[in-house]
Every structure is written in structure tokens, then in C-alpha cells.
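I opened the model today and kept notes as I went. The entries follow the order of my look-ups.

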Amino acid sequence: MSLVMHVDTAAWRSHQDAVLAGDRLTVPVIKGNGYGFGLERLAGEAARLTADVVAVGTAGEVAAVRAGGFTGDVVVLTPWRPGDPIVEQMLDEAAQSGSGVIMTVSRVADAQALAESRPGLRVILEVLTSMLRFGLAPQEFRHAVTACQDRLEIVGWTIHLPMTGEHLQEATDLATSAVAACRAPLWVSHLDDDELDVLRHRMPVTVRRRVGTHLWLGGTDAYRYTSSVTDVHQVSRGERVGYWQRAVPDPRGGQVVVVDGGTSHGVAMSAPTPGASVRQQLTAAAGGLLNASRLALSPFSVGGRKRFFVEPPHMQASLVWVPGGVSVAVGDEIDVTMRATTATPDAIVLE
């Protein structure tokens, strides 16, 4: 009895094949929890897709990608900073094994330091976009290139754009300045197909795109999550339940249903809403009102409907409230709505 991710393997792989068949310059992104599938599994899929390079989020993820069977180049997206022991150990191991690792550089000072400490290392220079996370401003491009010259191999420029809004012109302007400073390939994120085609037509160098969510999670019908019912307790109004001993509010009583899945699995974890639309704002407000009244809708569906938590989820199990008269029994398999990028299922079943 566990929280399980079920994957329709044929449908999942068909979607991947379609994404890469349309653009062999696509760079698969493998990071975090492996988009719910696990880093090693996605590394194996990247090898199946014959990708020549993948991108990971941090240096600590390189080992898992290698363990999954991917032997091509690995780009570390988090920019290099001096004094990080995990990064240095990874680079030492990569140098000893001869495996291909490409580090991201986002500051002139870091390019200078890497040129001194790791001559010969391949790097990709990150451009500062309107997202304002990491990157070099246009006036720093030539200084960064000079710092790398003859000691670090520049394999490209990376442009990580915001997810919303029109950013083709921003990408074009930044790419033009970058290529003028060093004629190297461009690696971009968050341009749609049409925008990517336009940028490729405008640029005199190869333009590659990085894709994570769309590649691994775009085929939404290819995977689902289920949980098992591990216990059912009939309760009466006023009876106290759970860690926090809350009283049963329903005068008719009902059922406290114990299900597999808690915080360690990523149950009920979600990113803060950006509030970018009226709908998102209303949803957040409604959720706040429910939480204030000690009612929180769970991701667990029993009897065809999502049910309320009795209290916040425990580490490996959750208590949900099910009205009397709804049929539920120990051993029942129920559907769970999970956010894949925070999900850690007990098992992944390839069907």
C-alpha cells in the first residue's frame, strides 16, 4: 500500500519522440525531483532519445544523470561560484573520468577565477534577462569573453527568459549583443515554436532550446497518481480526532479515512500563485478563506470527489473526511492530484 505514479509508457515516450522529432536541437532538462519521474529514469530516457547533451539544475545532480546511463555532455545550469565544495568535487571527478561537463558562468569575476583554477574547462555564458535572476549585462559581455580567452572554452550563450509576456525582441537584442562579443551558439528557454523559428532566422549561429516541463510532463494523459486506503474509522459529532484533536463538526458524523501519502511524498505542496490572472487571485482568496475556517481541500478523491483534510497531512499518511454513506474500504485504490515537480512517489509503475 503506497502512493504510486502510474505511467503509460507508450504514450509518454510517444510524446517525447514527437517533441524531439520536431527539433533535434532540443536540450532535455533533468533537474530537481526529475519532474516526478526521478533523475536517473529521465537520464535513461534522454539516452533513448539519443540526445547529445542534457542540462541539470545543480552540480549535485550530475552523478545521478551518469548513473542513469547518459554519457553525453551535461550542462550545469546553476552558475559557478567560488568555494562550493560540491561543485569542486564534481569537477574533479569529471576531469578524472573524462566525462563532459559544461559549467554556467554569470559574472566576469567568476570567469576570471575559473580561468585561473580550471583552465580548459568548457563554459556557457549566461545573459541577464528581464527575469533578473543570474547573468551578465550587455556591457559585461566583452569583459567576460576576454576573461575566458585562451583559457576557458566558450561553448555558447544562455538566455533564460520569463515564462509570460512577449520576449522575442528582448531575446533578439540580447542575442545580437552576445554574438557580437563572441560568435558562439545560443541556448534559450521559454520561447514558443514560432518565436524560436524567428530567432533562428535572425541569428547567424545555431540556436538550441532547453525543454523540461513540456518534454516530460506535456503528455498529461500519460501518467497519474494513486493512493491506498489504509484505514477507515466511523466517527460521531463531537468526537476528537487527529494530532490536533479537532472535533468532528458534522452532526451526522461520518468517516475519517486514512490514506497513503503525506508531506514526504509532496502531498498538498504547491508553488505560491503568481496572481497573474483574476482566476488565480480568486482561487488563492478562496483557498485562504477555507484555510482560515480550518477546511482545506485534499488532493485525494473518494467516491468521485476530492475530500477535505481532517488536519494537515502527516509525513507519510493523511486523514481525510468522508461523509457517511460514501462507500470506502481498506485496500481501495483512490486517485490523487499531485504536482509532479514536487512529487516523490513510493513507486513508479511503467504500464
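In which strand is Ala317 found? I located Ala317 in strand E16, residues 317-323. Helices (H or I, at least four residues) and strands (E, at least two) are DSSP runs, numbered from the N terminus.

**Ground rules.** This is a predicted model, in which local features need pLDDT of at least 70, side-chain atom pairs count only at pLDDT 80 or more, and totals for chains, interfaces and linings use all residues. Residues are numbered from 1 along each chain as its sequence is written, and side-chain values use heavy atoms, with hydrogens and water left out.

**Confidence.** I checked pLDDT, the predictor's confidence in each residue, from 0 to 100. The chain has a mean of 91, and 93% of its residues reach 70 or more. I flagged residues 280-293, where pLDDT stays under 50. The model has eight contacts beyond four places in sequence for that stretch. Contact means heavy atoms within 4.5 Å.

**Ala317 again.** I read a relative accessible area of 21% for Ala317, so it is partly exposed. The classes are buried (under 20% relative accessible area), exposed (over 50%) and partly exposed (in between), with a 1.4 Å probe and protein chains only. Leaving aside neighbours within four places in sequence, Ala317 is in contact with Val258, Val259, Gly261 and Gly262. I also took its C-alpha separation from Met103: 40 Å, at 214 residues apart along the chain.

I looked up the UniProt record, an unreviewed entry, which lists "domain: Alanine racemase N-terminal" at residues 17-178. UniProt positions are given in the numbering used here, feature names are shortened, and annotations may be inferred rather than shown by experiment. Over residues 17-178 I found 39% helix and 19% strand. The end C-alpha atoms of that range are 32 Å apart.

**Helix H1.** Does its length fit, or what span should its 13 residues have? At 1.5 Å a residue, H1 (residues 9-21) should span 18 Å, and its end C-alpha atoms are 18 Å apart, which agrees. The expected span is 1.5 Å times one less than the number of residues. I listed Thr9, Trp12, His15, Gln16, Val19 and Leu20 as buried in H1. Seen down the axis, these buried residues fall within an arc of 140°, so they line one face of the helix. The arc is that of the directions from the helix axis to the C-beta atoms. On the other side of H1, Ala10, Ala18 and Ala21 are exposed. The cover over the buried residues of H1 includes strand E1 (4-7), helix H2 (39-48) and strand E18 (347-350).

**Glu45.** I found Glu45 in helix H2. Glu45 is buried, at a relative accessible area of 4%. Its side chain makes a polar contact with the side chain of Arg13 at 2.8 Å. A polar contact is a pair of N or O atoms within 3.5 Å; within protein, one must be able to donate a hydrogen and the other to accept it, and residues adjacent in sequence count only if both atoms are side-chain atoms. Not counting residues up to four places away in sequence, Glu45 touches Trp12, Arg13, Gln16 and Trp216.

**Positive phi.** Most residues other than glycine have a negative phi. I noted Leu132 with phi near 55°. Leu132 sits in the loop between strand E6 (122-127) and helix H6 (141-148). Leu132 counts as exposed at 63% relative accessibility.
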